[in-house]
Amino acid sequence: LKVPPDIRETLTALMAEYAMAIDDNRLEDWVELFDEACDYKVVTRENVEQNLPNVLMWCDNKNMLRDRVESYRHVNLYNLHYDRHVLGPLHFSGNEGANWRFEVSYSLFQTELEGASRLFSVGRYRIEALVKAAEARLKAVTVIADTGLVPSLLATPI
Amino acid sequence: MTAEVRWPRNDYSRVPYRLHHDEGLYALEMERIFRGPAWSYLCLEAEIPNPGDFRTTWIGDMPVVVSRAKDGSIHAFVNRCSHRGATIVRELRGNAERHVCLYHRWTYSTAGELTGLPFRKGLKGEGGMPDDFEMKSVSPGKMKVGNCAGMLFGTFQPDKAEPLEKYLGEFGTGSSGASSTGRSAILGYSRQLIAGNWKLYAENLRDTYHASLLHEFFVTYGVDRATQKGGVKMDGRHRHNMNHAFAATDTQEDAKAAYADTAARLDRMQLRDKKLLQFNNEFPDSMNLAAPTLFPNALLIQINNTIATRQIRPKGVGAHEVFQTVFGYADDDEAMTRHRLMSSNLVGPAGFVSMEDGEAIEVVQKATRSAGEASAVVEMGGRGALRDLAHRVTESPIRGFWSYWAELMGMEPGGAIR
């Protein structure tokens, strides 16, 4: 698949901001990377390989993402930690007009307050993004976690 | 480590923290509970519908294969080769005519019997097994399997165990509308590894006091509040329990008054998209929350229209896996399946009303390692004899859990309640 350099650059920057926004605990900024009509879900490779639809987390529009983040800020309690995402290069698989599909491998480390780090999750993103006039918006993000055995709990998004 | 327990009180209103840290007790639990006369939850019948279908699972820390034989009967056997102890079935699931150990190709039937081994008669009259070697005598250990409304249970000591129907009592069938698991359609699995002793999870499931306090989401968005009509039922032996609540049986005013001294934000927050809270009343009993918890390792949970089983898998004294099987029913249409998946945002490792449990258990495990002979206080809902309650401000079923745990372990205090 031939991908124009400016498209690749724009989407690479989008993913860098995606990771940094979560790692900097700017979850509200993370939400703003999505289009209003969007879909975000976290599934596991174990389920995907059996064609089972179970989700660990599923927001099928941007308001549900806003609700998740607001709930984390004010309602839910979870392990106190820092996140650190390490992303691989974008691997493009298709496009229709301004819509681009690609996959990215990720590693997500968590560090607790006393400084111990652990590998929290490893897997891939399957992404659909819209690029218009050098501006990119996420339409669909499916996190397919190889790490089906969630350590402790899953709160802050992958 | 000594495998003894000094109970401060005979009604289990004090529980020594040491019980979550003692390696010796953990080994005895594996022997006296999971390999003892208790019935443990294996999997759903719907997961092995066809002859040859199998799943691997864990009962305590014992690897087990659940398998449907050619004649349709269901078997559960230890997943360990009789020869040198290798794992026989390494896949999580599948369909097979027989199971072959990779090491020396010893072969087992779908019923878990050793049926063949290479070079048994040797080669050209040399080598081979002794003539009097009987394959039957070394077949892997088997569990007796029982089926209750589509949930499969097994016990390693059928001679000492009560019949399954009696063991589960009303908690088997009819304890909630969701228990008609016989027509279930599997939606998928989730797994969570919690760094805490498995009994902390068993206690958590019997502690209705924490639900609306730790899981503030319940109260804030009105999914489940202690002010709803509901209660806690236990079986006659107080080893199982069921927390339940009926939909739409309290008012916002009741709830505001009751939660005035907590941090709950009943008025200030609204979900922008409320569909994950929607409850389609599909059960005759109108319960929007029903959670029968079965000793030692199972939970059947229905929150709104999400239905799941959870199996507790101990992973050493300081950790356990929570293995969740989410399902719907075979006659669900596409919209209902979507709705069930959407409301499953509430449960599981990332669930709005369940993520906190992992954290609560881990911080207990962390802080009690150094607790010496100190004990937890379990008095919410009262001391002394155990009884059912038409409210949920209680943790009495925790005392029920410990009373049966102590009985199976042979560690009851003098004059113990049961």
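## Burial and the model

A residue counts as buried when its relative accessible area is under 20%, as exposed when that area is over 50%, and as partly exposed in between. The structure described here is a predicted model.

## Two loop residues with positive phi

B:Asn304 is found in the loop between β16 and β17 (306-314) of chain B. Its relative accessible area is 2%, and therefore B:Asn304 is classed as buried. Phi of B:Asn304 is near 50°, a positive value in a residue other than glycine.

B:Ala149 also has a positive phi, of about 50°, although this residue is not a glycine. B:Ala149 lies in the loop between β10 (142-148) and β11 (151-155) of chain B. Is B:Ala149 buried or partly exposed? With a relative accessible area of 27%, B:Ala149 is partly exposed.

## A cis peptide bond

The peptide bond that runs from B:Phe295 to B:Pro296 is cis, and its omega is near 0°. B:Pro296 has its place in the loop between β15 (287-294) and β16 (298-303) of chain B.

## The interface between chains B and A

In the contact between the two chains, 39 residues of chain B meet 35 residues of chain A. The area buried between chain B and chain A is about 3400 Å², and carbon and sulfur atoms give 53% of that area.

Charged and polar pairs also link the chains. Between chain B and chain A there are six salt bridges. B:Lys275 forms a salt bridge with A:Asp60, in which the closest N and O atoms are 2.7 Å apart. The count of residue pairs in polar contact between chain B and chain A, with both residues at pLDDT 80 or more, is 24.

Which elements of chain B give two or more residues to the side that touches chain A? They are β12 (184-194), α5 (216-220), β18 (320-329), α7 (334-343) and α8 (355-368). The largest share, nine residues, comes from β12(B). By class, the side of chain B that touches chain A has 19 nonpolar, eight polar and twelve charged residues.

## Strand pairing across the chains

The strand β12(B), which gives the largest share of the side of chain B that touches chain A, also pairs with a strand of chain A. Its partner is β8 (residues 149-151) of chain A, and the two strands pair in the parallel sense over three bridges. Which residue of β12(B) is the bridge partner of A:Pro151? That residue is B:Leu193.

Definitions and conventions: Residues numbered from 1 in each chain as written. Chains lettered and ligands numbered in written order. Predicted model: local features only at pLDDT ≥ 70, side-chain atom pairs only at ≥ 80, totals over all residues. Heavy atoms only, no water. Contact = heavy atoms within 4.5 Å. Buried area = accessible area lost by both parts, 1.4 Å probe. Salt bridge = Lys/Arg side-chain N within 4 Å of Asp/Glu carboxyl O. Polar contact = N/O pair within 3.5 Å; in protein donor to acceptor, adjacent residues only side chain to side chain. Helix = DSSP H or I, 4+ residues; strand = E, 2+ residues; numbered from the N terminus. Nonpolar A, V, L, I, M, F, W, Y, C, P; charged D, E, K, R; others polar. Pairing = 2+ DSSP bridges. Buried < 20%, exposed > 50% of the residue type's maximum accessible area, 1.4 Å probe, protein only.
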